[in-house]
Amino acid sequence: LNIVSTLLTSKIRERSLHQSRKNLIEGIDKAREIQRELLPDHELNYSNYQVFAITVPSEILGGDRIDYFIPS
């Protein structure tokens, strides 16, 4: 009976961790998509300049920093 109890407890924890991991991944995917939608995905024309924006996340998600490069 003790072995069955230990096995069931282990399976319940495993299922809970699996669901938590799934929820975390879904949340990160939503955050990544929101980030992409907030930033322009095209060049900006301002006066005689063409401005391009590039974002490169350091990990899974990027921060609030964005760099602009103006080609010469």
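## A surface salt bridge in a predicted chain

Glu14 is partly exposed, its relative accessible area being 48%. In this predicted model, Lys11 is likewise partly exposed, with a relative accessible area of 48%. The side chains of Lys11 and Glu14 come together in a salt bridge, with a distance of 4.0 Å from N to O, and a search of the whole structure finds 1 salt bridge. Side chains of opposite charge can pair when their charged atoms come close. Both residues lie in helix H1, which spans residues 2-38, and because they stand 3 residues apart there, about one helical turn separates Glu14 from Lys11.

The setting of this pair is a chain with 1 helix and 3 strands, whose elements follow the order α-β-β-β when read from the N terminus. Of the 72 residues in the chain, buried residues make up 1%. The accessible surface of the chain amounts to about 7000 Å², and carbon and sulfur atoms account for 56% of that surface. Among contacts in the chain with a separation of 6 or more, 30% are between residues 24 or more positions apart.

The chain has a mean pLDDT of 78, and 60% of its residues reach 70 or more. Among the elements, the lowest and highest mean values belong to strand E3 and helix H1, respectively, as set out here.

| Element | Mean pLDDT |
|---|---|
| Strand E3 (residues 67-69) | 63, the lowest |
| Helix H1 | 90, the highest |

Where pLDDT is low, the predicted coordinates should not be read in detail.

Terms used. Residues are numbered from 1 along each chain as its sequence is written. This is a predicted model: local features need pLDDT of at least 70, side-chain atom pairs count only at pLDDT 80 or more; totals for chains, interfaces and linings use all residues. Side-chain values use heavy atoms; hydrogens and water are left out. Helices (H or I, at least four residues) and strands (E, at least two) are DSSP runs, numbered from the N terminus. Buried means under 20% relative accessible area, exposed over 50%, partly exposed in between (1.4 Å probe, protein chains only). pLDDT is the predictor's confidence in each residue, from 0 to 100. Contact means heavy atoms within 4.5 Å. Accessible areas come from the Shrake-Rupley method with a 1.4 Å probe; for residues, only the protein chains shown count as cover.
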